[in-house]
Amino acid sequence: MKKALINGADGKMGRALIRLIKERPELGLQAVAHESGTPFPEDFDVVIDFSSPQGAQEAFAAAKHKHKPFLTGTTNLPETFLFQLQQEEKIPAFFAPNVSLSVYFFTELVRQAAKMYAGYNINLHEIHHVHKKDAPSGTAKKLADVVNIPYAQVTYERLGETVGTHIAAFDSPFDEITLVHKAVNRDLFAASALEIAVWLMKRAGGFYTMSDYAKFKLKEKKK
């Protein structure tokens, strides 16, 4: 069994990751819980981080020290740290503002729609739970990047315990096209993060994104 260090184990995503590891023995993972502000354990095979910008940087340093793969889905990371991840060569380092494969393909649909409906007005809206600290979300910012609109134009709501909904609307004087992705529960992200972690442990040192993982999954389906 490979030991997955769950950084941010006391958070909603951390708890979901630990539960799914127990429910899915076929992944070959054993959870090692780590909470912010406590020493990092000595024995682990991969770091999965859903904590805070500061927590992510500390977990990356621990992974580097042990020469182990590092995966983070923590958003609102400092630009200097993102640059550090992108330049990584010694260990496999993975970052995505949203680790769901379905959200990745949704983002690609939005990208293509922006090309197909050139000249249409583009509106992006996202809804998350009231505990989410960053607004707009990291996923919404990624969507804004692919359709080339400023983050300030992205609208957002914080409602109850909403997991995550993203809406891309393309409108003209004659019609409106709306694309929506709605996450029903956090297992969508936790299950994907675990599968990416298993994949990441087999990769060489370097920086990886959802694009790299999506290409791997598409090739796997063609076999």
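Two strands are taken to pair if DSSP finds at least two bridges between them, and the elements themselves are DSSP runs, helices being H or I of at least four residues and strands E of at least two, numbered from the N terminus. This is a predicted model, in which local features need pLDDT of at least 70 and side-chain atom pairs count only at pLDDT 80 or more, while totals for chains, interfaces and linings use all residues. Residues are numbered from 1 along each chain as its sequence is written, and side-chain values use heavy atoms, with hydrogens and water left out.

With these terms, strand β4 (residues 70-72) pairs with strand β5 (residues 92-95) in the parallel sense over three bridges, and Leu71 has Phe94 in β5 as its bridge partner. Both strands belong to an open sheet of six, ordered β2-β1-β3-β4-β5-β10 with parallel pairing. Its edges are β2 (29-34) and β10 (206-208), each of which pairs on one side only.

Another open sheet consists of four strands in the order β7-β6-β8-β9, with mixed pairing. Because β7 (155-158) and β9 (176-183) stand at the edges with a single partner strand each, one side of each is left without a neighbour in the sheet. Strand β6 (residues 121-128) runs parallel to β7, joined by four bridges, and His125 stands opposite Thr155 in β7. Helix α5 (residues 138-147) lies across β6 and β8, at about 170 degrees to β6.

Notes: Contact means heavy atoms within 4.5 Å. Axes are lines fitted to C-alpha atoms, for helices over the stretch in contact, and angles run from 0 to 180 degrees between N-to-C directions.
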